[in-house]
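Subject: Structure for you to look through

Dear colleague,

Please find below the structure that I promised to hand over.

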Amino acid sequence: VADLETNFDKTLPPVPCLPGEFNQVILNLIVNASHAIADAVAGTEKKGNIRVSTVRVAERVEVRISDPGTGVPKKVQPRIFEPFFTTKEVGKGTGQGLAIARSAIVDKHGGTIVFETEERRGTTFIIRLPISV
């Protein structure tokens with residue numbers, strides 16, 4: 001349902017992280033993006049584009065994962081990082097992915113994870129990790 005486009009800053013320094021945990025967060029966000037795109041293009045021949053980019057912002061590395069999917073409805077935005085909260089159909093999601101992502105980024109890496117969204121236009125998740133611990 002989507003192509004993946006990357007734009008990585010080749011000048012970034014190494015970032016201390018737990019690779020398995022960090023990779024799981026990125027994978028979860030890409031899978032969520034593909035689900036949102038699938039919902040947005042359902043019944044059409046259209047294909048979406050997931051964008052993953054990195055950049056240095058002061059003493060942090062910023063990772064952005066963007067999709068042109070359905071966006072996050074305003075009424076559920078405050079809850080999306082809650083454990084077991086999901087907007088997906090039964091059998092399509094457990095409601096643990098974003099809670100685990102938040103825990104991995106905030107609690108285990110000392111970073112932040114936020115999102116920008118517009119209903120029917122898409123969502124961007126923004127992860128910021130410290131360059132040095």
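**The second largest pocket**

Four elements, namely β1 (2-7), α1 (19-41), β2 (48-57) and β3 (60-67), each contribute at least two residues to the lining of the second largest pocket, where helices (H or I, at least four residues) and strands (E, at least two) are DSSP runs, numbered from the N terminus. Please keep in mind that this is a predicted model, in which local features need pLDDT of at least 70 and side-chain atom pairs count only at pLDDT 80 or more, while totals for chains, interfaces and linings use all residues. Residues are numbered from 1 along each chain as its sequence is written, and side-chain values use heavy atoms, with hydrogens and water left out.

The space in this second largest pocket comes to about 220 Å³, and of the 15 residues that line it, Phe22, Ile26, Thr54, Val61 and Val63 are the closest to its centre. A pocket here is an open set of points on a 1 Å grid over the protein atoms alone, where a 1.4 Å probe fits, with protein on both sides within 12 Å along at least five of seven lines, and lining residues have an atom within 4 Å of a point. Grid points are joined across faces, edges and corners, and the volume is the space filled by probe spheres set on the points. The element that gives the most to this lining is α1, with 3 residues. Sorted by class, the lining has 13 nonpolar, 2 polar and no charged residues, where Ala, Val, Leu, Ile, Met, Phe, Trp, Tyr, Cys and Pro count as nonpolar, Asp, Glu, Lys and Arg as charged, and the others, Gly among them, as polar.

**The aromatic rings**

The structure holds 3 aromatic pairs, and rings of Phe, Tyr and Trp (its six-membered ring) pair if their centres lie within 6.5 Å, with planes under 30 degrees apart called stacked, over 60 edge-to-face and the rest tilted. One of them is the tilted pair of Phe81 and Phe115, at 6.1 Å centre to centre and 55° between the planes. Because Phe81 lies in the loop between β3 and α2 and Phe115 in strand β4 (residues 112-118), this pair ties together parts that are 34 residues apart in sequence. Phe81 also forms an edge-to-face pair with Phe125, at 6.3 Å centre to centre and 85° between the planes. Phe125 lies in strand β5 (residues 122-130), so this second pair ties together parts that are 44 residues apart in sequence. Phe125 is buried, with a relative accessible area of 9%, and ring pairs link Phe81, Phe115 and Phe125 into a cluster.

**Two loop residues**

Ala58, in the loop between β2 and β3, has a positive phi near 55° although it is not glycine. Arg120, in the loop between β4 and β5, likewise has a positive phi, near 65°.

With best wishes

Terms used. Buried means under 20% relative accessible area, exposed over 50%, partly exposed in between (1.4 Å probe, protein chains only).
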